[in-house]
Amino acid sequence: MTDKAPPELTLRAVVLAIVLAVILAAANAYLGQFAGMTIASAIPAAVESMAVLKMLGGGHILENNIVATGASAGTSIATGVIFTIPALILLDYWVDFRYTWVLAIAGLGGLLGVLFSVPLRRSLIVEQGLAFPEGKAAAEVLRTGDHPGEGLKLLAGAAGIGGLMKLAAGSGLRLIPDTAAASSWWGSSLAYFGTNLSPALFGVGSIVGLTIGIVMLAGGVIAWNIAIPLYSSFFLAADPLLSVELAGASAEDAAYGIWSAQVRYLGVGAMLIGGVWTLFSLRHSLVSGIRSGIQADRGNGGVAIARTERDLPMRYILAGLVVFVLPLMVLYQAIVHNWAVSIPMTVIMIVAGFLFVSVSAYMAGLVGSSNNPVSGLTIATILFAALVLAVLLGRDSPIGAVAAIMIGAVVCGAACIGGDNLQDLKCGYMLGATPWKQQLMLAIGGVSSALVMAPVLSLLAQAYGIGVPTETHPSPLLAPQANLMA
């Protein structure tokens, strides 16, 4: 971790990162609309980088880290887009995916996520020392590839065990189920217990540790063993739409229906309160991070800053916020044709963006990017935006829902890439990387991925259909998050 600069942001690393980012963005665009989840790609990108750079004559560990950083942006951009943009099709506002609009929303949202997350690095990684499980795992993978030996044997053994578990599970030989669950009706009360047997989740649990594991278990117990039985006993009968929808459903289907329609919002509310409290509790370190960035711009009083502590200069961050926000305000104006509405929309986007990038980064530090509930943060953004827009535009405005989705889309993209950025910076922190180079690479990877999102979405819509069964596509991609947003 000296100030001697090793090969890091090289041309071949940048090119390889862009190629991998585009491929991973396309793959996750399909996966997210098919299964409702995307997969954090820092680790597979690190493995692919080591393989490719080895064929090109070998690469320094920090060069591999840069590739993994840029490539992982593809998943983040894809997640932000597929959770929100297809809702505009489902709302019949668009008949196809408009290239310039998708590029603006995805690209500018991603860039804002990078800028918002820069001051969080010192707070969450250096001072708080959060786990950031994917970042930690990626660092171990890169170290193992750089110095093969016992670590490689351990990694191969763990991968073998995980592979055998997956092969034996429901998606393979079906010797063991993917989940262990039991449910039944007791009169009007609903009882449900279930757990996922995924080896990936076992691995994440091992990384995040006992304390965070207990917190996650407590959330599941509160939702499934307390809130759902209470709702089914005392409130379901008073909810005519949901009670009709669940009439005759099995206990398990009813439990999932209540969770999806009602109980998940308990988690969203808890995240909001926890996020606001987290920002409040980290206020001193956040201010310290911003102050140190400003001091670095001014020369830091003549004191040299270590290479491993150099973030993007604060003046570039502030200038970038202005440059990237103004086009979004123009975009909002093109939707509502009223500056008295488009300006508040922009303000909501900025405030919600910074708040939820912070919450996303904090949650990613606790439970990992794959388990980061970004859809819940986006729901909260859209609900708040809808409330404000109902006042500004009227409850019956035909454009209100579209405007709310447009705000949520930018915030969702920013939150996704913000959490991913901190994972990559955690990996770099463990390896002795240069933060500003990683932050720049993430921005490059994000914009590169945004360039291909509209064609990818259009191709998927033509091949499979999205959201709504039609005669041409009777079994479309479900796009569950976009349906929920719509």
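# Briefing on side-chain contacts and strand pairing

Arg-315 is placed over the face of Tyr-316, at 4.8 Å from the ring centre. This contact belongs to a predicted model, in which the protein chain has a mean pLDDT of 83. The briefing covers confidence, strand pairing, salt bridges, aromatic contacts and two further residue pairs.

**Confidence**

- Of the residues in the protein chain, 89% reach a pLDDT of 70 or more.
- Helix H5 (residues 99–117) has the highest confidence in the chain, at 94, whereas helix H12 (residues 283–297) has the lowest, at a mean of 68.
- Where pLDDT is low, predicted coordinates should not be read in detail.

**Strand pairing**

- Strands E1 (residues 179–186) and E2 (residues 189–196) run antiparallel and are joined by 8 bridges.
- Within this pairing, Thr-179 of the model stands opposite Asn-196 in E2.
- The two strands, E1 and E2, form a hairpin with 2 residues between them.
- Gly-187, in the turn of that hairpin, has a positive phi of about 70°.

**Salt bridges**

- The model contains 6 salt bridges.
- One of them joins Arg-307 to Glu-8, with the closest N and O atoms 3.9 Å apart.
- Because Arg-307 lies in the loop between H12 and helix H13 (314–336) and Glu-8 in the segment before helix H1 (11–35), this pair ties together parts that are 299 residues apart in sequence.
- Glu-309 lies in the loop between H12 and H13, and Arg-122 in helix H6 (residues 120–127), so their pairing ties together parts that are 187 residues apart in sequence.
- Glu-309 has 22% relative accessibility and therefore counts as partly exposed.
- Glu-309 and Arg-122 also belong to a network of salt bridges that links them with Arg-121 and Asp-311.
- Glu-140 and Arg-143 form a salt bridge in which the closest N and O atoms are 3.1 Å apart.
- Because Glu-140 and Arg-143 are 3 residues apart in helix H7 (residues 133–146), about one helical turn separates them.
- Glu-140 is partly exposed, with a relative accessible area of 38%, and Arg-143 likewise counts as partly exposed, at 31% relative accessibility.

**Aromatic pairs and charges over rings**

- The count of aromatic pairs comes to 7.
- In one of these, the ring centres of Tyr-30 and Tyr-464 are 5.5 Å apart and the planes stand at 45°, so the pair is tilted.
- Tyr-30 lies in helix H1 and Tyr-464 in helix H17 (residues 435–464), so the pair ties together parts that are 434 residues apart in sequence.
- Tyr-30 counts as partly exposed at 31% relative accessibility, and Tyr-464 is partly exposed with a relative accessible area of 38%.
- Trp-94 and Trp-101 form an edge-to-face aromatic pair, with 6.2 Å from centre to centre and 90° between the planes.
- Trp-94 and Trp-101 are both buried.
- Together with Tyr-93, the residues Trp-94 and Trp-101 form one aromatic cluster.
- Tyr-93 also has Arg-98 over the face of its ring, at 5.9 Å from the ring centre.

**Further residue pairs**

- Gln-333 is located in helix H13, and its relative accessibility of 15% means that it counts as buried.
- The side chain of Gln-333 makes a polar contact of 3.0 Å with the side chain of Ser-342.
- Ser-49 lies in helix H2 (residues 42–55), and it counts as buried, at 0% relative accessibility.
- The C-alpha atom of Ser-49 is separated by 5.7 Å from that of Asn-64, a residue 15 positions apart from Ser-49 along the chain.

Methods
Residues are numbered from 1 along each chain as its sequence is written. This is a predicted model: local features need pLDDT of at least 70, side-chain atom pairs count only at pLDDT 80 or more; totals for chains, interfaces and linings use all residues. Side-chain values use heavy atoms; hydrogens and water are left out. Two strands pair if DSSP finds at least two bridges between them. Helices (H or I, at least four residues) and strands (E, at least two) are DSSP runs, numbered from the N terminus. pLDDT is the predictor's confidence in each residue, from 0 to 100. A salt bridge is a side-chain nitrogen of Lys or Arg within 4 Å of a carboxyl oxygen of Asp or Glu. Buried means under 20% relative accessible area, exposed over 50%, partly exposed in between (1.4 Å probe, protein chains only). Rings of Phe, Tyr and Trp (its six-membered ring) pair if their centres lie within 6.5 Å; planes under 30 degrees apart count as stacked, over 60 as edge-to-face and the rest as tilted. A charge sits over a ring if NZ of Lys or CZ of Arg is within 6 Å of the ring centre and within 35 degrees of the ring normal. A polar contact is a pair of N or O atoms within 3.5 Å; within protein, one must be able to donate a hydrogen and the other to accept it, and residues adjacent in sequence count only if both atoms are side-chain atoms.
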